[in-house]
Amino acid sequence: MFKKYKLEIYEAPLKAIKNGSKKVEIRTNNSYEEINYDQLVPGDILSFQIIAGPPFTGLEVITRDALEVKVMQVIKYKDPEELLEKEGLDVLSTLVETIEEGVDLLYSFHEYKEMIPVHGIFAIHITSINQIP
């Protein structure tokens, strides 16, 4: 039985998912989401909730159930460098030009620097299943 999870996301990456340019969501386990990414499996559904920001300013949802996507594959990496070497810089859209910049960017996300050494970092390959207006 597949599960459905609500995940917070900023508006810009959500737009990139909607237009098809973003097909991999990068996450790590943290203290502010209920999901454990180790338990995410292909077929699970992610329902994105748009939050204010960036930068990280809390989890005030400004648009509920903005987009649902289906998980196609979940790959756990030990650190951002390994993830970016295997997945490529495209997973960060056009935000960085080098692996070093990508590592710095990922470690700048809220709690990532503390949580990645404990939990690893996940490349979640997704596909859009519907678009809620």
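The model is predicted.

**Helix 1**
- Helix 1 spans residues 11-18, and its buried residues are Leu-14, Ala-16 and Ile-17.
- Viewed down the helix axis, these buried residues fall within an arc of 160°, so they line one face of helix 1.
- Ala-12 and Lys-15 are exposed and sit on the face turned away from the buried side.
- After helix 1 comes Gly-20, which has a positive phi near 90°.

**A salt bridge within the helix**
- Glu-11 and Lys-15 form a salt bridge, with their closest N and O atoms 3.8 Å apart.
- The two residues are four apart in helix 1, so about one helical turn separates Glu-11 from Lys-15.
- Glu-11 is partly exposed, at a relative accessible area of 39%.

**A salt-bridge network**
- Arg-27 and Glu-33 meet through their side chains in a salt bridge of 2.6 Å, N to O.
- Salt bridges with shared partners join Lys-22, Glu-25, Arg-27 and Glu-33 into one network.
- Arg-27 is buried, with a relative accessible area of 7%, and Glu-33 also counts as buried, at 10%.
- Lys-22 and Glu-25 form a salt bridge with closest N and O atoms 3.3 Å apart, and both residues are buried.

**The second largest pocket**
- The second largest pocket holds about 150 Å³ of space.
- Its lining includes Tyr-5, Leu-7, Tyr-32 and Glu-33.
- By class, four nonpolar and four charged residues line this pocket, with no polar ones.

Methods
Residues numbered from 1 in each chain as written. Predicted model: local features only at pLDDT ≥ 70, side-chain atom pairs only at ≥ 80, totals over all residues. Heavy atoms only, no water. Buried < 20%, exposed > 50% of the residue type's maximum accessible area, 1.4 Å probe, protein only. Arc of directions from axis to C-beta. 1 Å grid on protein atoms, 1.4 Å probe; cavity = no way out; pocket = protein on both sides within 12 Å on 5 of 7 lines; lining within 4 Å. Points joined across faces, edges and corners; volume = space filled by probe spheres on them. Nonpolar A, V, L, I, M, F, W, Y, C, P; charged D, E, K, R; others polar. Salt bridge = Lys/Arg side-chain N within 4 Å of Asp/Glu carboxyl O.
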